[in-house]
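Please read the report below alongside the sequence and the model.

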Amino acid sequence: MTPSVPYTTSTQSPRLTVPDLACDAHIHLYDATLSTSPAVLPLGTAENYQRWQALHGTSRCVIVQPAAHGFDNQVTLNGIATLGRERTRGVAVINPDITDAELQVLHEGGIRGIRYTLFDPETALTRFEWVTPLAHRVAELGWHVQVHWRADQ
């Protein structure tokens with residue numbers, strides 16, 4: 001029997017074999033010491049995700065910056081380093097004040113996109129008017145832009 005993995009009741013690997021280079025395309029990692037948000041899962045760490053990967057057979061993933069960590073992308077960068085830059089990428093949350101040097105640090109750390117969560121304007125960290133100017137800046141790095149909003153928006 002495989003050891004338990006936090007936030008899943010799975011104790012056995014899936015019956016179907018996961019294809020080589022399978023990618024979990026959207027995960028969040030958390031560090032409860034860096035946030036007071038109730039949304040933070042205290043065991044949502046890179047180390048626990050590695051246990052999940054071992055159980056389920058995936059080898060690659062994309063870490064998406066959770067809103068609970070705001071514009072501090074360090075947990076995502078640490079997760080990329082822990083899980084391995086050769087098989088892990090990240091999506092950051094940034095604001096217009098970010099410098100080109102800071103963008104370069106994110107790029108070197110494995111970030112390949114930015115995310116705008118806009119579905120609730122009252123609580124959104126990001127703003128729609130940031131999308132175009134920041135998209136132009138990250139285009140030079142070859143990044144993508146992810147917009148998370150409601151259909152009516």
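Phe71 has a relative accessible area of 32% and is therefore partly exposed, whereas Trp130 counts as buried at 17%. Buried means under 20% relative accessible area, exposed over 50%, and partly exposed in between (1.4 Å probe, protein chains only). This is a predicted model, in which local features need pLDDT of at least 70, side-chain atom pairs count only at pLDDT 80 or more, and totals for chains, interfaces and linings use all residues. Residues are numbered from 1 along each chain as its sequence is written, and side-chain values use heavy atoms, with hydrogens and water left out.

Rings of Phe, Tyr and Trp (its six-membered ring) pair if their centres lie within 6.5 Å; planes under 30 degrees apart count as stacked, over 60 as edge-to-face and the rest as tilted. The count by this rule is 3 aromatic pairs, among them these:

| Pair | Centre distance | Plane angle | Class |
|---|---|---|---|
| Tyr49 and Trp52 | 5.7 Å | 15° | stacked |
| Phe71 and Trp130 | 6.1 Å | 45° | tilted |

Phe71 lies in the loop between strand S2 (60–64) and helix H2 (74–83) and Trp130 in the loop between S4 and H4, so their pair ties together parts 59 residues apart in sequence. Helices (H or I, at least four residues) and strands (E, at least two) are DSSP runs, numbered from the N terminus.

In strand S4 (residues 111–117), 5 of the 7 residues are buried. Strands pair if DSSP finds at least two bridges between them. S4 pairs in the parallel sense with S3 (residues 88–92) over 3 bridges, and 5 bridges join S4 to the parallel strand S5 (residues 144–148).
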